[in-house]
Amino acid sequence: MTEVIRVGGGKGYDVAVGRGLLDDAGQFLGAVGGARKALVVSDSNVWPLYGKKAEKLFRETGMKTLSFVFEAGEKSKTLETFGRILDAAAAEKLTRSDVIVALGGGVTGDLAGFASAVYLRGVRCVQIPTTLLAAVDSSVGGKTGVDLPAGKNLAGAFHRPSLVLCDTSTLDTLPDAQYRSGCAEVIKYGMIGSEDFLRKLIARPVSEAPEEVISFCVRMKKDVVEKDEFDVGCRMLLNFGHTFGHAAELLSGYSISHGEGVAAGMATVTRAAVKFGICDGASLELLLSALEKYNLPRVIPFRVPEMRSAVLSDKKNIGGELKLIVPEKAGKCAIRGIDPASVGKWISAGRTSGWNRQK
Ligand SMILES: NC(=O)c1ccc[n+]([C@@H]2O[C@H](COP(=O)([O-])OP(=O)(O)OC[C@H]3O[C@@H](n4cnc5c(N)ncnc54)[C@H](O)[C@@H]3O)[C@@H](O)[C@H]2O)c1
Ligand SMILES: [Zn+2]
């Protein structure tokens, strides 16, 4: 069964979630009606797996399909790849009524989304997420962009997709590490919005009911982005676990994955919140059980001073107060402005000895 979630009301877009959706998604392509060409952007891992299927879908509605395939990985999320996508669109003479399709994970979604925001000052974009992270997070909400040598996601634009097609059968080929990384973001939704959901994640693996889990997360993300599309208020809640998580990723030279960083970051900030009397111990235990269930780390393997400087060197955290997302209980987090001078105190309160990262 396909679930359809409408984001942004009247002028918004549909997110369709279902197993086998790509085989029968023609009914949704009215969202890009009038397009004569579809430029499908994908990476070197995803294209061989799902390229044909995506092409068939757009061809069946009478569009000509073109493709742009780049080398898989975050290292490709650059202005250079972005420029090459724009060049491909121009070489193929895409017009304002045509469409750019992102077939892949968050890297593909961010690159193709950014190209669609900029090419001819904006063309329509269809997101087809193929990682759990892209399904629950990056494909919805309209944030697009690339990394600069100075840091991650430093250039980009807000550009809503016209349609998101999430075919959960594509997750069957996802490597386990990528799957677990997505599970960290799924657990994040439980911590910021629903204790009940968190308990369900512990009772039943995500892989047993991915459609239900993804739809739940998309509905939560929809609620947040509808209230705060441009990330100046409650959308920041989605950064739960990310402040310390990013710092750990950075210090590890990215051998710690994003999901692992977020997992250990969530555990760290929650432990500190319990020590400071902001959050209850039972909520911490619930979070730790969920992380353990998905083999995700609960401890950051770096010392307080190095973590402190990594957090403070993050461009997002420079100047004034630092916005930290702090749990009050499982299912409820708040945005707290904290004095940068007290970052070390939070990290040290959130630490326990040892590093239980599991591969
Ligand atoms: N725009 C947003 O709101 C937002 C939110 C969160 C993250 N992001 C961005 O998303 C990126 C991370 O996304 P990601 O984790 O999906 O990374 P990714 O796109 O690099 O995908 C991870 C790996 O899995 C492979 N892969 C993807 N789908 C597959 C499938 N179905 N079967 C087999 N292999 C598959 C890819 O080729 C890649 O090697 C980061 O750049 C991050 O900044 C953006
Ligand atoms: Zn994240």
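1. In which strand does Ala38 lie? Ala38 belongs to strand E3 (residues 37–43); helices (H or I, at least four residues) and strands (E, at least two) are DSSP runs, numbered from the N terminus. The structure is a predicted model, in which local features need pLDDT of at least 70 and side-chain atom pairs count only at pLDDT 80 or more, while totals for chains, interfaces and linings use all residues. Residues are numbered from 1 along each chain as its sequence is written, and chains are lettered from A and ligands numbered from 1 in the order in which they are written.

2. Ala38 counts as buried because 25 other C-beta atoms lie within 10 Å. The cut-offs are as follows: a residue is buried if 20 or more other C-beta atoms lie within 10 Å of its own, exposed if 12 or fewer, and partly exposed in between, with C-beta atoms placed from the backbone. Leaving aside residues up to four places away in sequence, Ala38 touches Phe58, Met63, Thr65, Val99 and Val101; contact requires C-beta atoms, placed from the backbone, within 7 Å. Ala38 and Thr65 are 27 residues apart in sequence, yet their C-alpha atoms are 4.9 Å apart in space.

3. The largest nonpolar core has 115 residues, and Leu39, Val41, Ile100, Val101 and Leu165 have the most contacts inside it. Such a core is a set of buried Ala, Val, Leu, Ile, Met, Phe, Trp, Tyr and Cys residues joined through C-beta atoms within 7 Å. At least three residues of this core come from each of domain 1 (3–173) and domain 2 (176–350). Leu165 touches Ala16, Leu21, Leu22, Ala25, Phe28, Val126 and Ile128, again not counting residues up to four places away in sequence. In soluble globular proteins, nonpolar side chains tend to be buried together.

4. The protein chain is assigned domain 1 (3–173) and domain 2 (176–350); such bounds come from an automatic or database domain assignment. The centres of the two domains, taken over C-alpha atoms, are separated by 27 Å. Their contact takes 23 residues from domain 1 and 21 residues from domain 2. On the side of domain 1 that touches domain 2, strand E1 (3–7), strand E2 (13–18), H4 and E8 each supply at least two residues, and H4 gives the largest share, five residues.

5. Which residues come nearest to ligand 1? Of the 28 residues around ligand 1, these are Asn45, Gly105, Gly106, Thr131 and Ser138; a residue is near a molecule if its C-beta atom, placed from the backbone, lies within 6 Å of it. Helix H1 (46–60), helix H3 (106–118), helix H4 (132–138) and helix H5 (176–193) each supply at least two residues of this shell. The shell has seven nonpolar, 15 polar and six charged residues, where Ala, Val, Leu, Ile, Met, Phe, Trp, Tyr, Cys and Pro count as nonpolar, Asp, Glu, Lys and Arg as charged, and the others, Gly among them, as polar.

6. Strand E7 (residues 143–148) and strand E8 (residues 151–158) pair in the antiparallel sense over five bridges; pairing requires that DSSP finds at least two bridges between the strands. E7 and E8 form a hairpin with two residues between them, and Lys143 stands opposite Phe158 in E8.

7. Leu120, in the loop between H3 and strand E6 (124–129), has a phi near 50 degrees, a positive value in a residue other than glycine. Leu120 is partly exposed because 14 other C-beta atoms lie within 10 Å.

Key: Two residues are in contact if their C-beta atoms, placed from the backbone, lie within 7 Å.
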